[in-house]
Amino acid sequence: MHLSATSRSRRVLLAAAVAAALAATPLTAAGTAAAAPTTDRQQQYAAAAAEYGVPESVLLGVSYLQSRWDTNAGTPSTSGGFGPMHLTDAEYVAALPGGTHHDEGTEDPRGDDSRLSLAGAHEPPAAQPPAEASLRTLDAAAGLTGASEEALRTDVTANIRGGAALLAAYQKEIGAPVGADTDPAAWYGAVARYSGADSADAAAAFANEVYATIAAGDSRLTDDGQQVTLAARAVQPERSWLDRLGLRKVARPDGLECPDTISCEWIPAPYAQYGPTVGDYGNHDLADRPTQQKIEYIVIHDTEGYFGPSVNLVKDPRRVGWHYTLRSVDGHIAQHIKTKNVGWHAGNWYVNAKSIGLEHEGFAGHGTWYTEAMYRTSAKLVRHLALRYNIPLDRQHIIGHDNVPGTVASTVRGMHWDPGPYWDWSHYFDLLKAPFTSTGTPHTGLVTIDPDFATNQPQFTGCNRQPPGVPNPPPPVAPCPLRGSSAVILHSAPSHDAPLVNDIALRPDGTPNTMYISDHGARASAGQTYALAEVQGDWTAIWYLGQKAWFHNPASKPTAKWSVGFVVTPKDGRATIPVYGRAYPEQAAYPAGVPYQPISPLQYTLSAGQRYAVGTVLPGEYYRAVTFDGSSPGDWTVIRGENRYVQIQFGHRVMYVNLDDVNVLPSALGAPR
């Protein structure tokens, strides 16, 4: 894609305008030439800070909140940002082969057989990025530093210099003092401006998090092996500088369901009738949770589009609805649906009725990365909701859209697979203050997947294109960039050369699954706990989709932790038992006039001799909601029966078995020795 003349002019003018802020003074703090390039990351930050007159702690704090000082193999973030300083160039990203589109799946996001399918109503918004300045800071940095845009995307030294130059320019624009030896407290306005936020509360929330990082300090090894340290330093920022930015003030209405410490606004999803019948309405359902029904899950999604267009999508009553949308550049949150009501987001009505849906600005299949700012606000929101609704902070209840099962056999193949293998579940749970820990030994029968995100780099393919026909895309299918992932790859035998395991729902012919980015039937993800099947040397086998699945787990560099808990096995005398994608009540539980929702098994079975990790035990429930005004028999009620179900980790997705079909045992009992 070539930039239009208007777009090119806008980019040039932006760079010129920001550059003018520096014209009155030299680009170095002392008027000297920039330091010679160095490959030491700590020195790169120090040199850039000195060159542009930015306190080093401020530069490091801003960079940490964007990237945690990582390079991410030169790949763009979910908002088109590059490098440790997250210099954004969303137009460039949109012009890359494959753009920002992938085949997310064909699911009906509502996932309710009692109503017409909404398949297609959750199509991602247009891939063309909005024109917000927050998504195009890289060209401004090019104008300030003289570095090429390509260098700012790919060269770490240039990227850090670009970030320092932007901070200095923002500081000068508001008339604040510049200099590497200036008080970091006086940089609050520039830090807030760096967020790219368009509202005062969002900019302040970002800046507050940066200063909290400076106060706490940190030291870590980056994804390319560089040790970087930010020494803890108590700073009381001068927040009055924020007023100089002239940002809009966002009203925070009563009843907004976000913690006070994060930036959040109310942008309602419409509950509206748009057609002649009481079934023509959108884009969510009224309910009274948790009074009527317990909220069991929080579902992590990505938008497959930029923040603005995605928010516009949820404002359309003919489309679908979710509870929250999170912005990448600064972590700002928009709430759309009250948590007491049911969103149409997860492709499974049973899960929708018992969950809260969070959409994160991003793209699952392009090797992109999620910003630290968004991880942090998301974790604060999820922890707040989990404590409020008594939702356990574990991977049986905090799940990805890619962990939600199909409702019946025919829907499994079309289920979505976001947020994908590049979402850092381990870091996310650290932020949730619920880190993955070892609770067992090799003899306690369970393993929790937990590879080192930075060094675990599976060679996926197809990030350049995700056309229809997944998981059999036409050529050419290029390798994805090698970068950190939460996923471990599952083989049919204890060898890297062995074929991957088969997911019979995705590949009914029994052929192995592949490394294609959306073909996730041979992966396990960080935090997911599985029943141990066998150990051979550096290889561990788990029970997975009715078979043994092997992953590399050497003692010198483990990719999993030993755990203890409970497992299910078929009751004595049962060769196989059915597995379900929803936990519905038996037919006798339905009142007169309410159509029975069949208990229909998936194409998988759980065989004698196999064991699967227990997540929780759930009642058989069906929330009836099919009309706008609740006029249909049984509407707005929860139908409960005698059936009880056990949620298990059966494959990459959670699934359910009837409690009457299984024995629930301590995982150590009968575990492999």
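Me: How many helices and strands are in the chain?
Reply: The chain has 13 helices and 28 strands. Keep in mind that this is a predicted model.

Me: What percentage of the residues is buried?
Reply: Of the 673 residues in the chain, 60% are buried.

Me: And the contacts, how many of them join residues at least 24 apart?
Reply: Take the contacts between residues at least 6 apart in sequence. Of these, 72% join residues at least 24 apart.

Me: Let's go inside. Which residues touch the most other members of the largest nonpolar core?
Reply: Val54, Leu59, Leu167 and Val191 do. That core has 65 residues.

Me: What is Val54 in contact with, leaving aside its neighbours within four places in sequence?
Reply: The partners of Val54 are Ala49, Leu59, Ala164, Leu167, Ala168, Gly179, Ala180 and Trp187.

Me: What lies apart from this core?
Reply: Another core, of 50 residues. Val412, Ala522, Tyr612 and Val646 are among its members.

Me: Back to the helices. Why is H5 called largely enclosed by the rest of the structure?
Reply: Because seven of its eight residues are buried.

Me: Which residues of H5 are those?
Reply: Leu138, Asp139, Ala140, Ala141, Ala142, Leu144 and Thr145 are the buried ones in H5.

Me: What follows H5?
Reply: Gly146 does. The phi of Gly146 is positive, near 80°.

Me: Now strand E4. Which of its side chains are buried?
Reply: Val228 and Leu230 are buried, and they point to one face.

Me: How do E3 and E4 pair, parallel or antiparallel?
Reply: Strand E3 (residues 218-221) and E4 pair in the antiparallel sense, over four bridges. Leu221 stands opposite Gln227 in E4.

Me: How many residues are between E3 and E4?
Reply: Five, and the two strands form a hairpin. Gly225 in the turn has a positive phi of about 85°.

Me: What holds paired strands together in general?
Reply: Strands of a sheet pair through backbone hydrogen bonds, either parallel or antiparallel.

Me: In what order do the five strands of the open sheet run?
Reply: The order is E20-E19-E18-E15-E21, with antiparallel pairing. The edges are strand E20 (547-552) and strand E21 (560-563), and each pairs on one side only. From one strand to the next, the twist averages 45°.

Me: How many bridges do E15 and E21 pair over?
Reply: Four. Strand E15 (residues 446-449) runs antiparallel to E21. Val447 has Trp562 in E21 as its bridge partner.

Me: Rings next. How many aromatic pairs are in the whole structure?
Reply: A search finds 30 aromatic pairs. In one of them, the rings of Trp423 and Tyr428 have their centres 5.2 Å apart. Their planes are at 70°, so this pair is edge-to-face.

Me: Are Trp423 and Tyr428 buried or exposed?
Reply: Trp423 is buried, and so is Tyr428.

Me: Why is the pair of Tyr530 and Tyr544 tilted?
Reply: Because their planes are at 40°, with ring centres 5.9 Å apart. Tyr530 lies in strand E18 (residues 529-536) and Tyr544 in strand E19 (residues 539-544), so the pair ties together parts 14 residues apart in sequence. Both Tyr530 and Tyr544 are buried.

Me: Which residues do ring pairs link into a cluster?
Reply: The cluster holds Tyr370, Tyr375, Trp423, Trp425, Tyr428, Phe429 and Phe436.

Me: What lies over the face of Trp349?
Reply: Arg115, at 4.6 Å from the ring centre. Elsewhere, the charged end of Arg327 sits over the ring of Phe307, 5.1 Å from its centre.

Me: Last topic. Where is Val278?
Reply: Val278 is in the loop between strand E6 (272-273) and strand E7 (281-282). Val278 counts as partly exposed, at 32% relative accessibility.

Me: What is the separation of the C-alpha atoms of Val278 and Asp629?
Reply: They are separated by 6.8 Å, yet the two residues are 351 apart along the chain. Leaving aside neighbours within four places in sequence, Val278 is in contact with Gln273, Val626, Thr627, Phe628, Asp629 and Ser631.

Technical notes
Residues are numbered from 1 along each chain as its sequence is written. Side-chain values use heavy atoms; hydrogens and water are left out. Rings of Phe, Tyr and Trp (its six-membered ring) pair if their centres lie within 6.5 Å; planes under 30 degrees apart count as stacked, over 60 as edge-to-face and the rest as tilted. Buried means under 20% relative accessible area, exposed over 50%, partly exposed in between (1.4 Å probe, protein chains only). A charge sits over a ring if NZ of Lys or CZ of Arg is within 6 Å of the ring centre and within 35 degrees of the ring normal. Two strands pair if DSSP finds at least two bridges between them. Axes are lines fitted to C-alpha atoms, for helices over the stretch in contact, and angles run from 0 to 180 degrees between N-to-C directions. A nonpolar core is a set of buried Ala, Val, Leu, Ile, Met, Phe, Trp, Tyr and Cys residues joined through side-chain atoms within 4.5 Å. Contact means heavy atoms within 4.5 Å.
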